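Colleague: I'm new to this one. Can you put it up and walk me through it?
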Amino acid sequence: MINLLNLNYSELESFLVEFGMKKFNSKQVYAWLHEKMIRNIDDMTNISKTHRDILKEKSYIPYLNILKHQVSKQDGTEKFLFGLEDGHTIETVLLKHRDRNTLCISTQVGCPVKCVFCATGQDGFERNLNVNEILNQVYTISRRILKKGEKVNNIVFMGMGEPLLNMSNLIKSIKILSDEKGQNISMRRITVSTSGVIPGIEALMEEKLPVELAISLHAITDEKRNHLIPINKKYPLEDLYTTLKEYQKVTNRRISFEYILIKDFNVSQWDAEVLADFMHEFDHVLNLIPYNSVEGSEFDRPSEKKIDRFYSHLKDVRKVNVTIRREKGSDIGGACGQLRQKSKSIKGSSKE
Ligand code: SF4
């Protein structure tokens, strides 16, 4: 059985023509799948019953089960635990802003990068998500909020997993999500976050996709970064710096840097100085993220005074383009670094 949401337009066309459908049917079926986001082949009302029957015999439209849905009392952030076909689970977070909705989506079950501050990394790695599992995070939530007249405006690949270690499915998903025949989400509203996987950054550069690139920097020496993000041993800061310089030269696009503020670890005046020097090498925006507690972690969050001092030094003294990202959804474990698989503690499923 062919999983229809794994196919891009030309693959869908070849599949349909093989079973006697016309090329123009591809446009219709593609719109049902990716624009209207239907779940049943029988809902394709402009496709003949004969062709629908063939489609049902040869293929199916996959969907995700919502195993758990939590809403933050602090700020309305919503977190979804989705069940996959093979029994694994992933989390997706809907961040509500006054004028827009941002969806933070996952690309892997678990994560092989194992950043020490991140709950996902601590759970280990199971597998990459395929295209339909990436798309269905968007489609499932879009269908829900469409009933309230809302839509997903921005997508950030910052959920579970390292997106650039699932490169082909990531790129295919981005192309389908931004396709004007589907959801038509501008690539400029799509952010791909990476811990610094250099071959992936180079591949993004070659693909020339005008998405936003966000680098999880978090420390400005190899010694500290090796401790936080083990993949830094393979792709150290100097190599990352060279790759990002090239990326910016080729794409002419601003780069976002994420920097988690950890007590007594990376928030000294010296850290601020070296970080500012690094930022001034790039057309940048720097997002400071006060550490969100994760069970069993060796780290703590700095005091508010320390956070403000670090921020003000960067902003006012060193003129860095910097913001503080106040966590959303931390009371439901939906903030940065808090996502994890919780399949063992969840029983049953709820309908969309
Ligand atoms: S922070 Fe991102 S890259 Fe690091 S372990 Fe967590 S999910 Fe993986």
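Colleague: Among contacts between residues at least 6 apart in sequence, what percentage join residues at least 24 apart?
Modeller: That comes to 66% in the protein chain. Keep in mind that this is a predicted model.

Colleague: Okay. How many helices and strands are in the chain?
Modeller: There are 11 helices and 14 strands.

Colleague: What share of the residues is buried?
Modeller: Buried residues make up 54% of the 352. The accessible surface of the chain is about 15800 Å². Carbon and sulfur atoms account for 48% of that surface.

Colleague: Switching to helices. At what angle do α7 and α9 pack?
Modeller: The angle is about 5°, and the axes are 10 Å apart. Helix α7 covers residues 198-207, and helix α9 covers residues 237-251. Angles under 35 degrees count as roughly parallel, so α7 and α9 are roughly parallel to each other.

Colleague: Which residues in α7 meet α9?
Modeller: Ile198, Ile201, Glu202 and Met205 do. On the α9 side, the residues they meet include Leu240, Leu244, Tyr247 and Val250. Asp239 and Glu246 of α9 also take part.

Colleague: How do the residues of that contact divide into nonpolar, polar and charged?
Modeller: Seven are nonpolar, two are polar and three are charged.

Key. Residues are numbered from 1 along each chain as its sequence is written. This is a predicted model: local features need pLDDT of at least 70, side-chain atom pairs count only at pLDDT 80 or more; totals for chains, interfaces and linings use all residues. Side-chain values use heavy atoms; hydrogens and water are left out. Axes are lines fitted to C-alpha atoms, for helices over the stretch in contact, and angles run from 0 to 180 degrees between N-to-C directions. Helices (H or I, at least four residues) and strands (E, at least two) are DSSP runs, numbered from the N terminus. Angles under 35 degrees count as roughly parallel, over 145 as roughly antiparallel, 65 to 115 as roughly perpendicular and the rest as oblique. Contact means heavy atoms within 4.5 Å. Ala, Val, Leu, Ile, Met, Phe, Trp, Tyr, Cys and Pro count as nonpolar, Asp, Glu, Lys and Arg as charged, and the others, Gly among them, as polar. Buried means under 20% relative accessible area, exposed over 50%, partly exposed in between (1.4 Å probe, protein chains only). Accessible areas come from the Shrake-Rupley method with a 1.4 Å probe; for residues, only the protein chains shown count as cover.
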